[in-house]
Amino acid sequence: MELTTTYTPSRFAADNTLSNPQVSEKYKLAGNIVNAVLPQVLSHVAPGISICDLCQYGDDLINTHTSETFKSKDRGVAVPTCVSVNNIVQYSSPLLDSDYNLKPGDVVKVELGAHIDGYIATAAHTVIVNPEPSQPIQGRAADVVCATHYALEAAIQMLRPGVKSSEITRVITEIAAYYRCKPVEGTFSSPMKRFVLRAGKDIENRFPEDMIVQDLDKIDFQIEPNQVYQMNIVLTTGDGKTKAAEEKPHVFQRDVHKSYQLKMKGARVAYAEINDKYTVFPFSARALTTKQARLGLSSLIQHELITPYVPMRSSRTSDLVAQFKATILVTSEGLIRTTSSPALPFVHSQYCIPAETTAAQVLSAPSVVKVAPAKQMSQVQVEFGNRRVENEDVEME
């Protein structure tokens, strides 16, 4: 991994220039891997399926695909596979002791990401466990899925140089309202750079309720060319407010700005593995190869060497949350979508976007987005539900 003191600002800028064909090609290659993996994970969503197995399967597929590409470069999982159900917002990637088996009617959000040489592609998609696939899902699950899908498409269509971030937020909020839904607080779209998942000002999915005009002027900005965005739209049937879920964090990220002389052996084992395999990218506790390393995570959190991604949930357990996410290159020639959208769930909402509204005009305008051409991926052999035996630990503290 090349993020060291010798990684100068000028080199970082050169490595993030989309006019460089090698840079854009690596972004597209990461997108191809995500496009190959996400539908395979979604194909296993069914009643009785373990979300732990789904998460493991997604990570295994990404690691297998990336291991065959740019073998001399850093590559692999950029966002561990997360499967968040019903009112859970994001970042659910549990261990077996807190697993959940899917049930008919569950609203299932699958999120994952891959990187090639630090160049990232992320995506998320929502499906519904439908016990009768020939019949459309109706009701509030259908409403929130429709709203989130259209909000993502509108947001992408608006992601052009000169457009203000507040204009995109307003359209997201407008579409949510038509379906009697609301954007989830604390969720956003963000620019990405090489090795950096959140590399600048965020495009918020909603404005704070107590925000005044002066505050908007401080956070508003214009979209600029030569940027890469992960457009992440998260809506709910509830009031949009969140609280910490009962599930413990299982996704973490190393803080490269912190250091500490660790004393516990388990913590040293965990930190060495994190630095070696996951560097600056988030990882799941499941990805650590031994129980000893997982036990060392608490010490790393205590000394702020890693940051937990706390799973959040909506206010009420009856709320439903949907998420759609795509990676977009904002080039000087236009927009390029590197992650495509898998097949949408079969739903029918009683609501729609009225004609002659801003949202309808955005969605009906000729598309300004080019989809990166798909590259044929080699077939990989990954067994679904393959729960590997943990490595035996020695000299436990």
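1. Asn86 lies in the loop between strand S1 (75-85) and strand S2 (107-116); helices (H or I, at least four residues) and strands (E, at least two) are DSSP runs, numbered from the N terminus. Its phi is near 60°, a positive value in a residue other than glycine. With a relative accessibility of 18%, Asn86 counts as buried, a class defined as under 20% relative accessible area, with exposed over 50% and partly exposed in between (1.4 Å probe, protein chains only).

2. The model is predicted: local features need pLDDT of at least 70 and side-chain atom pairs count only at pLDDT 80 or more, while totals for chains, interfaces and linings use all residues. Residues are numbered from 1 along each chain as its sequence is written, and side-chain values use heavy atoms, with hydrogens and water left out.

3. Asn226 also has a positive phi, near 65°, in a residue other than glycine. The loop that holds Asn226 runs between helix H6 (213-219) and strand S7 (227-236). Its relative accessibility of 28% places Asn226 among the partly exposed residues.

4. Asp143 belongs to helix H4 and is buried, with a relative accessible area of 1%. Leaving aside residues up to four places away in sequence, Asp143 touches Tyr179, Cys181, Ser349, Gln350 and Tyr351, where contact means heavy atoms within 4.5 Å.

5. Glu132 sits in the loop between strand S3 (119-128) and helix H4 (140-158). Glu132 is partly exposed, at a relative accessible area of 49%. Its C-alpha atom is separated by 28 Å from that of Pro94, 38 residues apart along the chain.

6. An unreviewed UniProt entry places the feature "domain: Peptidase M24" at residues 25-179; such annotations may be inferred rather than shown by experiment. Over residues 25-179 the chain is 43% helix and 20% strand, and the end C-alpha atoms are 38 Å apart.

7. The protein chain as a whole contains 10 helices and 15 strands. Its radius of gyration is 21 Å, close to the 21 Å given by the globule rule for 397 residues, so the chain is as compact as a globular protein of that length. The radius is taken over C-alpha atoms, and the rule is 2.2 Å times the number of residues to the power 0.38. Of the 397 residues, 54% count as buried. Among contacts between residues at least 6 apart in sequence, 79% join residues at least 24 apart.
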